[in-house]
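Subject: A structure for you to look at

Hi there,

Here is the structure I promised to pass on. Have a look at it first, and then read my notes below.

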Amino acid sequence: MKLLFENWRRFVTLHEGINPKTIEKIENAIARAGGESYIVGGAVRDELIPEAPSSKDIDFLIRKLTLDRIKRSIQHLGKVKEVGQAFGIVTATIDGEEFDFAIPRTSETKTGDKHTDFEVTTDPNAPIEADLGRRDFTINALARDSAGKVIDMFGGQKDIEQKIIRAVGDANERFAEDPLRMLRAIQFATRFDFTIEPKTSEAIRKNLDKLDTLAGERILMEFEKAWTKGSANSARLAELLDDTGVGRHIFGEDFDPKPAVISGGKERAIMGNAMAFFMHGGDYKKMRPPVFMVKHIELARAAISGQEVHQYASKDRNKLPLLMEVLDQAGYREESNKIKNILDKNLPVHPKELAIGGREIVSLGLKGPIVGQMQGKLLQAVHAGEVENESGALLNYLNMLVGSQ
């Protein structure tokens, strides 16, 4: 028992938030039921990449037990969910962490274009190598047994050392099984600062048409990972999207992403990069972005369209600091400086931020649409430095405008 704990000590230090005793309990429960347990995929990969950030995702591959026996063996440890069984997976929440438990897959048959449209054949007694051979890339086709031994049948450790993304087996077959893997290759290369090896890269270019079957949400998920995980090198991402042709194929010929380095948290990085990548064009709707992201992208497009800040951002003052940063990095210094001036001087961008309201304008005998027009002129005058945003000065300026009509 003590030896098992020590074998996992180094692994767990690289995966913050996972209690080593939780791993110990799971492996002991599987062993008592007569099964073999292996940690597979990203958790093993990240352990072997020194600069990789810690991960809380640990997936188990279980041999010699059916899904039903796996459920029975771990149900006393936590809550087992009745999902994923059609794909040979059981999910359980143990000590507050969610784990996937799978049995070896021996084949997958596509039944449609959706990523869920396939039938899976599993065999609890199949060798682990049979399952690893069906994974996407060599760096993910890794397993670690309960004694700490790494199982690597496809040179994943060497590819990690050489910083290479390489498909397992025939890249064309892997991408036919799930076209998202083409985006994942780009995402991993961006995230870890790896190179996509020539045969895998060529297979991406050859299979671009298969990207048309992807759900937008899956596309967006890979972009969000590339923008926020690991090195988050958006310049590298833009380069790979261009080199493989993936960017133009998905988003159109006018897709012209610009790199941006955005700090301040995950959401800010995602929104800032979305602005930078789609401000010049590209059908961003292909990735079915949430409304909040759409507003950021459209705001960036308006900012470079020649409009004044108070014209396009009257309801988006809170987005201006991020927009200013994106515009500056994209080379729009004048537009960025306009926003900086507004923020530094706390200039109004919405009529409600003027020192006088609609009531004062109406008191001058103005009604209907003319009220809004006058508010627009006041905003423009304040931004032009013709009048201060102070009630007396604005009223005097307004009287001058009315008197000149």
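Let me begin with Phe175, which lies in helix α7 (residues 171-177); helices here are DSSP runs of H or I with at least four residues, strands are runs of E with at least two, and both are numbered from the N terminus. Please keep in mind that this is a predicted model, where local features need pLDDT of at least 70, side-chain atom pairs count only at pLDDT 80 or more, and totals for chains, interfaces and linings use all residues. Residues are numbered from 1 along each chain as its sequence is written, and side-chain values use heavy atoms, with hydrogens and water left out.

With a relative accessibility of 0%, Phe175 counts as buried (buried means under 20% relative accessible area, exposed over 50%, and partly exposed in between, with a 1.4 Å probe and protein chains only). Leaving aside neighbours within four places in sequence, Phe175 is in contact with Phe137, Arg181, Met182, Thr200, Ala203, Ile204, Asn207 and Lys210, where contact means heavy atoms within 4.5 Å.

Next, the nonpolar cores. A nonpolar core is a set of buried Ala, Val, Leu, Ile, Met, Phe, Trp, Tyr and Cys residues joined through side-chain atoms within 4.5 Å. The largest one has 108 residues, and Phe101 and Leu323 have the most contacts inside it. A second, separate core has 10 residues, including Tyr38, Val40, Leu61 and Ile151.

Leu323 also turns up where helix α16 meets helix α17. Helix α16 (residues 320-329) and helix α17 (residues 333-345) pack at about 155°, with their axes 8 Å apart; axes are lines fitted to C-alpha atoms, for helices over the stretch in contact, and angles run from 0 to 180 degrees between N-to-C directions. The two helices are therefore roughly antiparallel (over 145 degrees; under 35 is roughly parallel, 65 to 115 roughly perpendicular, and the rest oblique). On the α16 side, the contact includes Leu320, Pro321 and Met324, while α17 brings residues including Ile339 and Leu343.

Asp193, in the loop between α8 (180-192) and β11 (195-196), has a positive phi near 60° although it is not glycine, and counts as partly exposed at 46% relative accessibility. Asn346, in the loop between α17 and α18 (358-362), has a positive phi near 55° and is exposed, with a relative accessible area of 56%.

Happy exploring!
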